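Subject: Structure handover

Hello,

Here is the structure I said I would pass on. Please open it alongside this note; my findings follow below.

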Amino acid sequence: MTITFSSPHADALWGCTYQQATSSALNKNIKLCFVEVKDLQVFAKALVEVVLDNSWITNLDNRYRRAYSKTVSQTAAKLVATFTKTASAGNVESDFGETMVSIGSSRALEMLFKHLRVPLAELWKPQISQNGGFDFHTTCLEKFINFGEAKYSSSANPYTDAIDQAQEFLNDNKHLRDVTDLENLVDETSISYLDSDEFGVIAAFSVNAKKPELILANAFLAAEQMMKVKKVKNFYLVGVR
């Protein structure tokens, strides 16, 4: 299998570059991209702005604004403290790393594939840094909801962990358990597709290898195996370095 990268798309506001990757394999429902964080401090400051942007809450009715406000304020405070520490120190710790992969991946899908980013799941789920389900979500041009799982390692390339965790969550119907919240965050068409078991999956993972194309090729093969047993419309693989 041959992996070919597009020219880098620079994002000065986030201190990143994004590249779409194309596989020579026949399965065109598996889509690849690669994110490289060029300026960690700029990236951390961008994440602060993301979690402090509460505009999505103001669009909800009063009942849901009241329901989400406490969770959002508690989690946002925790995340901002982590991001600010990273911006000052200039190094990646595990708490920051997984959020970096989550939000960086959703941003890449927005820039390369025109996805709409859904607010980070950690902001609206009633827990802080617990493994309660998928880490992040997007909707694509086809209106499918895409359920994202992110894994970070300072030394490895945990694509297998991300894919296996996503499959486990699907087995446990954790994508369906998100519906009561997602129906407030995405349009009715996307929810109706999910009701018909039409949705996508995102496996996002840190890349530490010198040749990211080899990691993406291996991830592609693992995603193909999962798609043989799971009804998934599209599978997005995002490597973040």
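Phe134, Phe147, Phe169 and Phe199 come together as one aromatic cluster. Keep in mind that this is a predicted model. Its aromatic pairs number 11.

Next, strand β9. It covers residues 234–240, and seven of the seven are buried, so the strand is largely enclosed by the rest of the structure. Asn234, Tyr236, Val238 and Val240 point one way from β9. Phe235, Leu237 and Gly239 point the other way. Both sets are buried.

β9 has these strand partners. Strand β4 (residues 30–37) pairs with β9 in the parallel sense, over six bridges. There, Lys31 has Tyr236 of β9 as its bridge partner. Strand β8 (residues 200–206) also runs parallel to β9, and that pairing has seven bridges. Phe205 sits opposite Gly239 in β9. Between β8 and β9 the chain passes through helix α10 (residues 212–229), and this β-α-β crossover is right-handed.

Now helix α1, residues 40–52. Its 13 residues reach 19 Å from the first C-alpha to the last, close to the 18 Å expected at 1.5 Å a residue. Asp39 caps the N-terminal end of α1. One of its side-chain oxygens lies 3.2 Å from the backbone nitrogen of Gln41. The buried residues in α1 are Leu40, Phe43, Ala44, Ala46, Leu47, Val48 and Val51. In general, an α-helix has 3.6 residues a turn, so residues three or four places apart point the same way.

Two single residues are also worth a look.

Ala166 is in helix α6. Its relative accessibility is 0%, so Ala166 counts as buried. Leaving aside neighbours within four places in sequence, Ala166 is in contact with Phe134, Glu149, Val201 and Met226. Phe134 is also one of the residues in the aromatic cluster. Ala150 is 16 residues from Ala166 along the chain, and their C-alpha atoms are 9.1 Å apart.

Ser153 is in the loop between β7 (145–151) and α6 (159–171). Is Ser153 buried or exposed? Ser153 counts as buried because its relative accessibility is 17%, and the cut-off for buried is under 20%. The Ser153 side chain reaches the backbone nitrogen of Ser155 at 3.2 Å. Not counting residues up to four places away in sequence, Ser153 touches Pro158, Ser206 and Asn208.

Best wishes

Technical notes: Residues numbered from 1 in each chain as written. Predicted model: local features only at pLDDT ≥ 70, side-chain atom pairs only at ≥ 80, totals over all residues. Heavy atoms only, no water. Phe/Tyr/Trp six-rings, centres within 6.5 Å; stacked < 30°, edge-to-face > 60°. Helix = DSSP H or I, 4+ residues; strand = E, 2+ residues; numbered from the N terminus. Expected span 1.5 Å × (residues − 1). Buried < 20%, exposed > 50% of the residue type's maximum accessible area, 1.4 Å probe, protein only. Polar contact = N/O pair within 3.5 Å; in protein donor to acceptor, adjacent residues only side chain to side chain. Contact = heavy atoms within 4.5 Å. Pairing = 2+ DSSP bridges. Right-handed = clockwise from strand over helix to strand, strands pointing away.
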